[in-house]
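Thanks for coming. Please have a look at the model on the screen, and then I will take you through one part of it.

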Amino acid sequence: MASSAVRMDLGDIQGDILRAYGNDYDCTSYAFVRIECPPQQARAWFSGLIDHVTTAEPWPDQAKPLTTLNVAVTAAGLRALGVSEQGVGSFSDVFRSGMASRSELLGDVGPSDPATWEEGLGSGDAHVLLTINAQQTSDHQRALGKMKDAMDAAGGLRIVYQEDAELLPGSREHFGYADGFAQPAIEGTSDDKARGGGVPLKKGAWRALAPGEFILGYPDEDTRVDPKRRLPNAPVDPLGRSGTYMVWRKLYQDVALWRRVMRDAAKHYEGGDEHKLSAKVVGRWTNGAPLVKYPDTAPERYGSKAAGANDFRYGSDRDGMCCPVGAHIRRSNPRDALGFEGHLSFRHRMIRRGMPYGKALPEGVLSDDGVDRGLVFVSFQASISRQFEGVQVQWCNAGNIFGLGHDKDFLLGDPRGRGKMTIQGSPPFFLSPQEVFVRTRGGEYLFVPGITALAALADGTAG
Amino acid sequence: MSVHAAPVGPITATGTQQRNVDGQAIAITVFSTIKWWGRPFLPVLFLLTRRFPALTRILRELSFIHFARWSVVRRIPYNGPPQRKGRLRYPHMYFESNFNGGWEEYIDAFSHILTRGMTAFWGSSYGFPKPLPTAPFKKYIQDNETEADHYYSTYPEATSTIVQRALALDAKLAPLKRDAERMDPDAFAAAYRTFLTDVQDCL
Amino acid sequence: MGSCNVSGQAYAFMAMTPVKPGEEDALTDYLRGLRARGPSPLAKLPRTHLGRFVIVKDFHNDPSWKQRKEEHLDLPYLIFTSNFDGDLDSYLDELCETLAPEAEEIWGRCVGCPETAKGAALKAYLKHNQIDTGIFFAAYGQATVGTVKRSLSQRERMIDFARTSQGLEPDALQQAFLREFGGKR
């Protein structure tokens, strides 16, 4: 049963983690800063910066700020800010190794190999990530300007990489699918989202997840079953508390290739229904309606925010006849699909806050226009290896746990171009070739400190 | 330069040393020291588990193990000096498994899903914390685990699930292979369609 | 006693042999170096599904465990386990014949191993040091290595066939099937 309600210190946690800022914030910039001055000088700049950081405290509707600012650091960034080796050593192994060093494991090989990444990413040069969200372009430009001015005034700071992202109409991503609305339900924060967002229990019930799965310093799912109520491992105080780990990945999407492959493959599929075949790959129709609930045709409208919209599970569709076993959303969030009352999946949830980037490829265009477009993937989790990497490695890049042999998530592609996807049916349909639809253009593992931790970093009193 | 075949499948062997891995197969080797009451208890447990295969049903359902074994070492065979002669003070339990997937996922599954089974098999071992919470249990396994010095699978890229599905496919394909020649094309096409629908989870 | 080692037609063998003093490092290096030098010697024993060599230095003793007395191994021990098809005696015969050069490097470094680590003498040594299995779990214990490999290869071909034959007319489909799967075992 639910443990006693955990009170979150919202003023100490950065914003956009527990609750999304929301779709009012159309434009986002991610600026990776390299510190090229001594730690003391960097900390002076950092000190001024963190005064403006947005917390998780709720806003009254009328008082929504025009822009928000959030700050994250890499392991190299911690060192550049003067944190001791001992302090840095208290962070997770995986965070300290960095995403680029995990490339073989993550499937970032061939065209996604770190050697091909954008300059400034994965090279140890990214120290501090500033994320600026804005409601309107004018505010966005102003905020970016202020940020750059502050950096120039401080000196010894350089933006090594910047990505500007913008919502597409209808909250779609570039392959055309409504995305981002199914998030984990967190006890004490979003219990109302437990139906569909939480842990699937017997008899159709759900429960929210322990907050420590996403924010350090709080009880996680292991704490719940521990008579000693031990909290999960976290970086040394005051750095760990109220913080979380962040995964940032720039994923290029070859939209023209996707459209061409699906068009060609559909020729042998159910009377050429490309729309349906594509939905089978994703697990949702383009408007976001889940296939498992709407297996034959998309409903005319699908309100992703409507009560119960996310309340579905796969138990009644074990064979994948409605939603294929290897469909993208079923792989990345299996819910009850792995059986055993969700125990193989409940500790592998992530909060996702990504944004599409780049101009959309106009409808019906099947040849590449050379424009850089795709998804900035952002996730927050207490453990990068268990939550992000676990899903990427065991569920997306592999199929064994689902009984799919070596089949990988068709949507993401196979660098060797040799894969296939079984679309379950009577008879089944075998979809191939699995081209490289998505390419990793760069990424970083970061830590998002709590507000007190940010102040300690700025003061030089953090470990 | 190794003539070992280039891997076909993705890298899924996470959280374990490289020497414990051959393709998709992962080795885990654990020795634990058994308390006095494990001496009579474990043989009974083994006997019951052998007699009642239903007890290993969950293990089969989880499907990620090729072969696993538990053995109690009561005495080590004597081979002359400089080996020390004499009985062991305690019995020791040897556990090994050949499995697929990530180490962490494997141990998590044991913690949460095989909780009773884990307690039954390791409850009589010194130092064994309960299977839940998972963190101390994982630490216990890590502390008592020994990395293999050499590990071998004759079909390294095949997971246990793939093997089982391949065997199931073979059984279902046999009748079709046997009858295919004799059927007229339309009958064959219908039979093939039925067959494919039946074996789609094997492919 | 023998039946605990068996599941279906699969056999679980384990030998635990003491490593000669001073030989542990050489044995460790030899075993760890096998991968880099080529296929595993166990590949020469086609009835082997999975096998391993593990050197155990000592039992784990932890003061927090309330174990009244510590227990230590007198020497490091080499554990060899194999999961293979069929009868133990014939498997050991094969091993002691085919793996003679490797056996010298491996069991030759263990206490009590016969002067020449091969043949009947080596077999007797391994059997003497056999540890019986308490419980053996085999996911597909009824299938031999040969059956497994044939089924795996057939599965690959069926996946390819299923993919490429989509959309074929019945006539062409049947012809293609017969070409690929022969219509006989």
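Which are the buried residues of α5(C)? They are Val148(C), Ser151(C), Leu152(C), Arg155(C), Met158(C), Ile159(C), Phe161(C) and Ala162(C). Buried means that 20 or more other C-beta atoms, placed from the backbone, lie within 10 Å of the residue's own; 12 or fewer is exposed, and in between is partly exposed.

This is a predicted model, where local features need pLDDT of at least 70, side-chain atom pairs count only at pLDDT 80 or more, and totals for chains, interfaces and linings use all residues. Residues are numbered from 1 along each chain as its sequence is written, with chains lettered from A and ligands numbered from 1 in the order in which they are written.

Back to the helix. α5 of chain C covers residues 145-164, 20 residues in total. From first C-alpha to last it reaches 29 Å, close to the expected 28 Å, where the expectation is 1.5 Å times one less than the number of residues.

What covers its buried residues? The cover includes β12 (429-431) of chain A, α6 (160-179) and α7 (185-199) of chain B, and α6 (170-181) of chain C.

Now chain C as a whole. It has six helices and five strands, both being DSSP runs numbered from the N terminus: H or I of at least four residues for helices, E of at least two for strands. The order from the N terminus is β-β-α-β-β-α-α-α-β-α-α. Of the 185 residues in chain C, 39% are buried. Its C-alpha trace spans about 75 × 45 × 35 Å along the principal axes.

Notes. Contact = placed C-beta atoms within 7 Å.
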